[in-house]
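Student: Could you walk me through this structure with me asking and you answering? I'd like the cut-offs spelled out as we go.

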Amino acid sequence: METVAQSTKIDWFSIILHGGPIGIAIMVLLAIMSIWAWIVIISKMRVLKEMHGLSEKFLTNFWEAKSLSELNLRVKDMEYSPAREVFRSGFNEMIRVLQTREKRGSTSSVIFDTVKRTLSRQKMIEEANLGNNLSILAVCASAGPFIGLFGTVVGIIRAFHDIGSNGASSLAAVAPGISEALIATALGLFVAIPAVIFYNILISKIKKHLVLLDGFSSDFINILERHYTIKPDQDNN
């Protein structure tokens, strides 16, 4: 019974070493891709959680502030967050357009269109920052199975070549070479499956953060329009 158990036990390390130079190179490449993907997954999960918490903290400060100018003075002491950067870009643009309005007498609708575009542009910048390194997961998810398949094809070619050279055609002669070849496909899937799963999870978290930024941008514009368009219009009337 012990002999049977030992014979059915798979020695993965030995199989990989017998995969030939190309097979070993492919295994090493897939191992590097797997490690790389997991580094990105762990770091991005941590960063996105931290950024979302900081953005929510900034929004709390935003609604508790007595004025936008007061918040702008305090913003330098706050930790970086996407919401903070959207506010800073929008507030700075607001100051510029209000100064332009005093000099040129521009209409409110034209002026605040520029603020909206600034907020939108900064939101796109923050979206790019939040999605940084996700392309690595996309590459691992798409290329991993194909690299593994390439290793399998090379391994099968090698196995059949050895079988032809030795003149053996029994299942015992074919099976070891085929099993060596199929390990590459298994490793390719081992790389791709977690990459696909966590890529979609991370994209979902980024979209959730962007919804938060969209809502903040809308609230910011509403506040500006209430304070800087209604009063001047009433004065003109």
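This is a predicted model: local features need pLDDT of at least 70, side-chain atom pairs count only at pLDDT 80 or more; totals for chains, interfaces and linings use all residues.

Student: How many helices and strands are in the chain?

Tutor: Read along the sequence, the pattern goes α-α-α-α-α-α-α-α-α. The count is nine helices and zero strands.

Student: What percentage of the chain's residues count as buried?

Tutor: Buried means under 20% relative accessible area, exposed over 50%, and partly exposed in between (1.4 Å probe, protein chains only). The chain has 237 residues, and the share of them that counts as buried is 38%.

Student: Which residues does UniProt list for "transmembrane region"?

Tutor: UniProt positions are given in the numbering used here, with feature names shortened, and annotations may be inferred rather than shown by experiment. In the model, residues 181-202 are 100% helix and 0% strand, with end C-alpha atoms 33 Å apart. The record is an unreviewed entry, and what it lists under that name is residues 12-41, 134-161 and 181-202.

Student: On to electrostatics: how many salt bridges does the structure hold?

Tutor: The criterion is a side-chain nitrogen of Lys or Arg within 4 Å of a carboxyl oxygen of Asp or Glu. By that test, the structure's total is six.

Student: What is the N to O distance between Asp214 and Lys123, and where do the two sit?

Tutor: Their side chains meet in a salt bridge at 2.6 Å, N to O. The pair links distant parts of the chain, 91 residues apart. Lys123 is buried because its relative accessible area is 17%, whereas Asp214, at 35%, counts as partly exposed. As for location, Asp214 is in helix α8 (residues 171-228) and Lys123 in helix α6 (residues 108-130).

Student: Which network do salt bridges with shared partners form?

Tutor: One of the bridges joins the side chains of Glu85 and Arg88, at 3.9 Å, N to O. Those two lie three residues apart in helix α5 (residues 82-104), about one turn of the helix. Glu85 counts as buried at 15% relative accessibility, while Arg88 is partly exposed at 30%. Through shared partners, the network consists of Arg84, Glu85 and Arg88.

Student: Which backbone oxygen does the Ser89 side chain reach?

Tutor: Ser89 lies in helix α5, and it counts as buried because its relative accessibility is 12%. At 2.9 Å, its side chain reaches the backbone oxygen of Val86.

Student: Which residues of the largest pocket's lining are closest to its centre?

Tutor: On a 1 Å grid over the protein atoms alone, a pocket is an open set of points with protein on both sides within 12 Å along at least five of seven lines, a cavity is a set where a 1.4 Å probe fits but cannot get out, and lining residues have an atom within 4 Å of a point. Grid points are joined across faces, edges and corners, and a volume is the space filled by probe spheres set on the points. The largest pocket's volume is about 210 Å³. Of its 13 lining residues, the closest to the centre are Lys66, Ser67, Leu68, Ser69 and Ile223.

Conventions:
Residues are numbered from 1 along each chain as its sequence is written. Side-chain values use heavy atoms; hydrogens and water are left out. Helices (H or I, at least four residues) and strands (E, at least two) are DSSP runs, numbered from the N terminus. A polar contact is a pair of N or O atoms within 3.5 Å; within protein, one must be able to donate a hydrogen and the other to accept it, and residues adjacent in sequence count only if both atoms are side-chain atoms.
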